[in-house]
Amino acid sequence: MSLKAIVKSVISGDTLVLRGRAGPQGQNPKERILHLADVVAPRMGNQTREDEPWAFESRDFLRALAVGKEISFTSTHSFPSNDDVTRDFGTAEIGGMDVASEMLKNGWAKVKESKRAPTEDDIRKRVIEAEAKATGKGLWNSHGPQARAVHQTMPPDSQAFVSEWKGKSIDALVEQVRDGSTLRVRLLMPDGEHQMVNIALAGVRCARISLKQGEPSEPWAEEAKFFTESRLLQRSVRVIILSLPTSTATPFQAGANSAPPPPASIFIGTVLHPAGNVAEHLVAAGLARVVDWHAGMLAAGGGMERLRAAEKVAKEKRAYMYANVPTASASITQSNGAANGNPRVFDGTVIRVWSGDQISVIDKESGKERRLQLSSTKGPKLSDPKQAYYAQEAREFLRKKLIGKHVKVMVDFIRPRDGEYEERECATVRYGNQNSNVAEQLVEKGLASVVRHRRDDEDRSSDYDKLMAAEQAAVAETRGIHSGKEQPAVKPPVNISESGARATTFVNGFKRQGKVSAVVEYVASGSRFKLFLPKDNQSLTLVLNGIRAPRTARNPSERSEPFGQEAAEFATRRYMQRDVEFEVDTVDKSGGFIGTLWLKNENVAISLVKEGLASVHSFSADGLSWSTQLYAAEAEAKQARQNLWENYDEEAEKAAQAPPAEDDSGCLKSEYLDVIISDVRAQNGFSFSVQILNTEGIATLEKLMRDFSLHHRVAHPAPSNFVPKAGDLVSAKFSDGSWYRARIRRASPIKKEAEVTFIDYGNQDSVSFSNIRPLDPKFRSLPGQAQDARLSFIRLVASESEYHADAVQRFRQLCEGRKLVANIDYKEGTTLHLRLIDPNDPVATQDPLACINADLLREGLASIDRKGCKYLGAYPHIMSKLQTAVAEAKRDRAGMFEFGDVEEDE
């Protein structure tokens, strides 16, 4: 009885493997082996024996003739089998053509010798064989078989073989299907040799077939194997070898001295049939899953995109392996939906780079700051010494690429809160005209690695395959964290604002340089910045000159001044981590540099004032070349009633600025002068003298003193009738041996000495008549440069107090040898009542009422002078400041309040 089957494969030129059709429920069909009766063909070799002559050609003829086709066969008898496969002897026809006769006709088989009497069919076959032999066909070719080497095992030098043939198309035959995605193929090498290799299909993985007796295979493994077998087994294909099976990148691993890898048991490659790539068909049928880490191998030709498209089809059909696939993350359900109430897709500006994989972006529409994690990306850790160098490199790469730039953001998923890790939006961030994915660039440079997600984890980057391809490129080129090189430890920047003394040594250098390039590393408040100087690996604190921004709270127990938080936030969003330039004017006591900051051509101080987030600080602003712009910006902010000026009353300000009525005790208009204390006198009450440091006066005095010194190098004896009298201008020799201009205060002809005041410095001394000369008329034109002064509003503790010496000493420490700013609050004859301000004091740069007068009160070394200062009532805002200082001194038991409230009687 004739039976029908499909030829699954051909073992040799006289033996076929047959299979039936698949069952109604998709069951795999049963197989049987058919040996063609009365003919014999050469046997194929294996790992223990070589091919018989013409074996491959004989089998290949029958393979091309029969594989995959329906066959009619008749079994003459069967052999007992050790397995479940039936073995038959018989005849076979394909489309009415006798297979054995066709093999004989083409010379690829011989008639088997038989002891029985020849039948008519035997005679016919002998005739066919004789014709083939006569024409030299097949086995009867007089030139013999082609000499070839057949390598039954994998190449011993796997790496060299892959390097030589990677990406090249090689003709091949599929010899065996081990499971749906693992094949054994015969590579038909260009030199005629045959190389047997095991191939794992690139980009996919099918369920595994069990190799142990009685152990079940993984679900859908048999179906996947049948799918591949029925399409590829013993078909001519083209194989492209792509890689060795190294699945995981290992950052920070030294690779230079590692031992060579052992010979591989399998290669990863693509198997192409004329009908297409079987891997894509397997995925589309739901019989294979996509292997993420193969993305790099398939990226160039778009192979991974096609596999993802096939995967999408299988998921939609919920076919086989995808029957129970989970839905997308519940937090984000549609392409243009919302992520936790925020838009999933939005445009924004990057305002901060936290690390090599985290940034903050301001949403353009809502103005809200959103902190984002780059999806499926893991940056190096700064806390790990091995990774610290690359962590800084990654952070700097992101800073240069993104800070202040417009970006397009797509939130891929939301990572839920996990222990110490907060909930975080994970997003793909693109920038520039090319819509470049910054995470992809980061990974490609070897400055980040790609997170390996679970197979069923759909929460991943929308460009995950491109990230994997970028990582493979970085690994192949040994870039960054994949280089195996140990980079030197990162040196922390030198803080040159550590102290006032240290900062002072850098001031002249900065002044000579002019504008200096830096990066804003931190914003402490609206007008206080920490800058990093990459060229010198230095950091410093810069306080903006000419303005005062409201303070921000430094700890939870403090409260920010009104609009302090807004000023700091504005400065952070606009200037944080930007490339800037700065100029230094001076330095304060704490080591902060006072100067100007520019973002390109934008003066940061002017911008803050224009936004109404800082006010002009008059005494420091008036000396700036751009003070006009500063005052104009403040006027603009006032008119717009922005922030600090939201309750601005123009009429009230004009009234406050109107000149006071003529009154000896009235408030004087602010008049700030640069001064130095030239003399301090503690006898007969406390007073001092100042020199006003206007450029013209100082230059004139210096010239006069040079001429004065030359004049007195030649002896000029006093006239015989010269007797110094009170009020006379004279030349007098000071205790340092030099001559100076002086005025006689009182003279004693009996003692032959006079008390004098040196009019250019304020010093007072007793000088003998022999060291006094009439002042030459040519030195009389310049007025005396020293002016008598006292402290406005306050008086030091009385001379009989045990704290008097401390008070005088403290005044000297705060004032002597320093360039100060003084405001004239009152004029008492020739004596100026001064409020002294240290421009290097960081408090003074922020608080226009801060002064040395208040500092002395705060330290309990002075009291408010209610008797000597009749003008107190004209300065209510200053009085409030001074009273607060006194209260602090009492609270802290400072100075004369050491033993309680013992303020001196007024």
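Arginine 893 lies in the segment that follows helix α22 (876-891), where helices (H or I, at least four residues) and strands (E, at least two) are DSSP runs numbered from the N terminus. Phi of arginine 893 is near 55 degrees, a positive value in a residue other than glycine. A positive phi, of about 70 degrees, is also found at tryptophan 220, again not a glycine. Tryptophan 220 is placed in the loop between β13 (204-205) and α5, and its relative accessibility of 33% makes it partly exposed (buried means under 20% relative accessible area, exposed over 50%, and partly exposed in between, with a 1.4 Å probe and protein chains only). Most residues other than glycine have a negative phi.

The structure is a predicted model, in which local features need pLDDT of at least 70 and side-chain atom pairs count only at pLDDT 80 or more, whereas totals for chains, interfaces and linings use all residues. Residues are numbered from 1 along each chain as its sequence is written, and side-chain values use heavy atoms, with hydrogens and water left out.

In soluble globular proteins, nonpolar side chains tend to be buried together. With neighbours within four places in sequence left aside, leucine 187 is in contact (heavy atoms within 4.5 Å) with residues that include Phe161, Ile170, Ala172, Val197, Val239 and Ile241. Asp171, Glu193, His194 and Gln195 are also among the contacts of leucine 187.

Isoleucine 403 occupies the loop between α9 (388-402) and β24 (406-415) and counts as buried, at 10% relative accessibility. Beyond four places in sequence, its contacts comprise Val350, Ile351, Arg352, Val353, Leu398, Met576, Gln577 and Arg578. From isoleucine 403 to glutamate 218 the C-alpha to C-alpha distance is 50 Å, at a sequence separation of 185 residues. Histidine 35, in strand β3 (residues 31-36), is likewise buried, at 19% relative accessibility. Asp14, Thr15, Arg87, Asp88, Phe89 and Gly90 touch histidine 35 when residues up to four places away in sequence are not counted.

The structure contains 0 disulfides, a disulfide being a pair of cysteine sulfur atoms within 2.5 Å. Cysteine 851 is in no disulfide, and the nearest cysteine sulfur, that of cysteine 815, is 11 Å away. Cysteine 851 is buried, with a relative accessible area of 6%; for cysteine 206, also buried, the value is 0%.

A search of the whole structure identifies 1 cavity of 30 Å³ or more, a cavity being a set of points on a 1 Å grid over the protein atoms alone where a 1.4 Å probe fits but cannot get out. The largest cavity holds about 40 Å³ of space, the volume being that filled by probe spheres set on grid points joined across faces, edges and corners. Its lining (residues with an atom within 4 Å of a point) consists of Ile6, Val7, Lys8, Arg19, Gly68, Glu229, Ser230 and Arg235. Two or more lining residues come from each of β1 (3-12) and α5 (221-232), and β1 provides the largest share, 3 residues. The lining divides into 2 nonpolar, 2 polar and 4 charged residues (Ala, Val, Leu, Ile, Met, Phe, Trp, Tyr, Cys and Pro count as nonpolar, Asp, Glu, Lys and Arg as charged, and the others, Gly among them, as polar).

Definitions and conventions. 1 Å grid on protein atoms, 1.4 Å probe; cavity = no way out; pocket = protein on both sides within 12 Å on 5 of 7 lines; lining within 4 Å.
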